[in-house]
Amino acid sequence: MARTRLLDLDRMSFRFVVGALAAIAFFFLIFPTLIVLLTSFTSTASLRFPPPGYSLRWYAALLDARQMQQAALNSLKVAIAATALSILLGTSGALAIGRSTARWAKILDSIFMSPLLLPALAFGFAALLYFSLIGVPLSLATLVLGHVAVCVPFVLRTTIASLAQLDPALLDASLSLGAGRFFTFRRITLPLIGRGIAAGAFLAFMASFDNVPVSLFLTDARTEVLPIHLWQIIDTDLDVRTAAASGLLILATIALMAAAERFAGLSKQLH
Amino acid sequence: MTAAPAADGPEWRLLLPLGAFFVLFFAAPLIVLLLVSLSDGLALNAFSLTHYARFLSDSFSLSILVDTLALGAKATAVCLLFGLPVAWVCVHASPRLRSLLLFLVILPILTSVVVRTFAWIVILGQQGILNKTFLSLGLIDAPLRLLFSEVGVVMVLAQVQMPLMVLPLITTLQRIDPNLADASRALGAGHWRTFRRVILPLWLPGLVAGCILVFAACTTAFVTQTLIGGARLVYMPLYIYQQAAGANNWPFAAAMSVLLMISVLLVVYLLNLCGRSRWATRHG
């Protein structure tokens with residue numbers, strides 16, 4: 001009797017602690033996003049919560065925010081270019097090292113993943129020094145090159161993971177039936193690892209669009225990108241247009257995520 | 001095109017583009033960084049360890065490095081405390097609830113860091129939601145100073161980087177055979193003991209991977225550190241940025257960057273080592 005009660009206590013306390021901590025964590029994961037969304041519809045010029053009234057005036061104000069629009073356009077261009085390059089480099093790299101069990105493949109894998117561990121800000125500064133030393137002026141192109149280094153690991157990771165699930169017998173069968181290497185790649189390999197590549201590309205795009213540590217050193221007034229522009233506004237004078245811009249970014253993220261989930265099974269690729 | 005030997009095809013050639021890119025635009029910049037930190041500027045002459053000596057002998061600079069590493073450690077600890085239960089609930093939820101929970105975990109990491117940090121300013125400010133709630137509940141008499149405090153930075157970093165902890169935790173937890181926990185409980189070990197003696201050791205690889213990712217991200221989180229920490233709380237990223245952009249003191253900033261990199265990699269290495277040795281003593 002006493003033993004059963006003790007076991008009950010053990011089970012209940014475990015469930016309670018796990019449940020309570022998880023509930024707090026989930027609350028804090030969602031809460032800030034909701035706050036920004038609601039605040040962005042405020043009718044006043046202050047960031048008070050809850051807003052005294054609701055309106056779309058700050059979203060309308062975005063239409064006149066020329067500098068912010070230019071920054072968003074720059075971000076979009078850079079993210080698209082960086083993602084395209086990351087797909088090319090990452091997929092070919094993954095094909096080379098993903099199926100190999102050799103020691104060199106393991107070592108190369110950790111080298112190519114290292115940009116995720118190294119302080120990105122230090123790398124951004126290193127890239128600035130490098131381009132200055134070899135005499136290449138900063139432009140959107142140099143910014144793209146800097147972003148690719150920190151975005152490639154995402155494509156590499158998801159593509160290698162999907163290659164690991166690819167049955168090598170399929171490739172052998174295709175090759176022994178007379179299909180060439182390229183034909184086999186296009187008709188067998190690519191369709192089977194396509195979702196992995198797409199998930200990686202999505203992550204690379206978001207990582208580039210949101211990147212601050214590298215952009216901080218590789219942009220100037222002409223090539224300003226959106227996250228840096230927003231950071232500066234928040235840092236100097238907090239204005240409600242930031243909330244509207246944030247609201248738009250959140251909605252765009254949710255839409256992109258839904259698309260990535262539908263076409264690439266994003267949540268299954270991430271863990 | 002003549003057929004290459006089928007067994008060991010020309011696959012290594014596919015590595016050339018990525019390899020060349022990494023040498024040219026990742027390794028080369030880092031080497032330049034190292035060289036600049038050892039010299040007196042982009043002219044790359046007068047090599048010496050002056051800038052390292054200057055940093056390491058200056059107690060103000062040194063305290064910033066220590067604060068930055070401590071900040072990473074604290075935020076990682078908070079992330080771990082909440083990340084473990086979150087991953088546990090995600091794995092044990094019904095398939096439908098699970099995809100919703102996963103969505104909630106992934107959404108923050110894909111939402112702009114600036115946006116997430118901005119949200120916290122609205123929450124933590126003197127007129128913010130937290131202070132207002134506490135005041136109206138009578139828990140405090142005057143608004144707490146949450147913004148521009150270390151507690152605030154740790155809290156926000158933990159929230160912002162949480163997904164980096166949770167995702168590897170979920171991956172590893174899924175691979176643990178549920179029969180092991182059932183067996184342990186059937187044999188009389190309670191939930192807590194089963195968790196500590198059976199689940200946790202098997203979970204260690206994911207735990208170490210999550211800690212490494214969060215720690216690395218927190219030490220370089222420029223946006224969160226500057227916006228929540230304000231001008232009074234200076235961490236390495238802002239310090240490097242100020243030296244590099246403001247004072248145009250590139251060699252010193254380069255030396256600081258190298259020191260930050262080395263310290264972060266050292267912690268990563270130690271975490272890896274700790275994960276492996278614990279693993280070996282229990283299973284070797």
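Colleague: Within what distance do the axes of α8(A) and α11(A) come, and at roughly what angle do they cross?

Modeller: This is a predicted model, and every value given here is computed from it. In it, α8(A) passes α11(A) in a left-handed crossing. The axes of the two helices come within 9 Å, and they cross at roughly 165 degrees.

Colleague: How are α8(A) and α11(A) oriented to each other, roughly parallel or roughly antiparallel?

Modeller: The axes of α8(A) and α11(A) cross at roughly 165 degrees, and angles over 145 degrees count as roughly antiparallel. The two helices, α8(A) and α11(A), are therefore roughly antiparallel.

Colleague: Which residues of α11(A) are met by α8(A)?

Modeller: By class, the contact of α8(A) with α11(A) has six nonpolar residues, no polar residues and one charged residue. From α8(A) come A:Arg195, A:Ala198, A:Ala199 and A:Phe202, and the residues they meet in α11(A) are A:Ala260, A:Phe263 and A:Ala264.

Colleague: Which helix gives the most residues to the side of chain A that touches chain B?

Modeller: The contact takes 68 residues from chain A and 77 residues from chain B. Helices of chain A that each supply at least two residues to this side include α1 (2-39), α3 (66-98) and α8 (181-209). The residues on this side of chain A divide into 52 nonpolar, ten polar and six charged. With 18 residues, the helix that gives the most is α1(A).

Colleague: Which residue of chain B is in contact with A:Val148?

Modeller: Leaving aside neighbours within four places in sequence, A:Val148 is in contact with A:Ala82, A:Leu85, A:Ser86 and A:Leu89 in chain A. The residue from chain B is B:Phe21.

Colleague: Which helices of chain B do the buried residues of α10(A) pack against?

Modeller: The buried residues of α10(A) include A:Leu226, A:His229 and A:Trp231. In chain A, the buried residues of this helix pack against α3, α9 (215-218) and α11, while in chain B they pack against α5 (113-124) and α10 (222-229).

Colleague: What is the phi value of B:Phe148?

Modeller: B:Phe148 lies in the loop between α6 (129-136) and α7 of chain B. This residue is partly exposed, with 16 other C-beta atoms within 10 Å. Its phi is positive, in a residue other than glycine, and is near 65 degrees.

Technical notes. Residues are numbered from 1 along each chain as its sequence is written. Chains are lettered from A and ligands numbered from 1 in the order in which they are written. This is a predicted model: local features need pLDDT of at least 70, side-chain atom pairs count only at pLDDT 80 or more; totals for chains, interfaces and linings use all residues. Two residues are in contact if their C-beta atoms, placed from the backbone, lie within 7 Å. Helices (H or I, at least four residues) and strands (E, at least two) are DSSP runs, numbered from the N terminus. Ala, Val, Leu, Ile, Met, Phe, Trp, Tyr, Cys and Pro count as nonpolar, Asp, Glu, Lys and Arg as charged, and the others, Gly among them, as polar. A residue is buried if 20 or more other C-beta atoms lie within 10 Å of its own, exposed if 12 or fewer, and partly exposed in between; C-beta atoms are placed from the backbone. Axes are lines fitted to C-alpha atoms, for helices over the stretch in contact, and angles run from 0 to 180 degrees between N-to-C directions. Angles under 35 degrees count as roughly parallel, over 145 as roughly antiparallel, 65 to 115 as roughly perpendicular and the rest as oblique. A crossing is left-handed if the near helix is turned anticlockwise from the far one by less than a right angle, and right-handed if clockwise.
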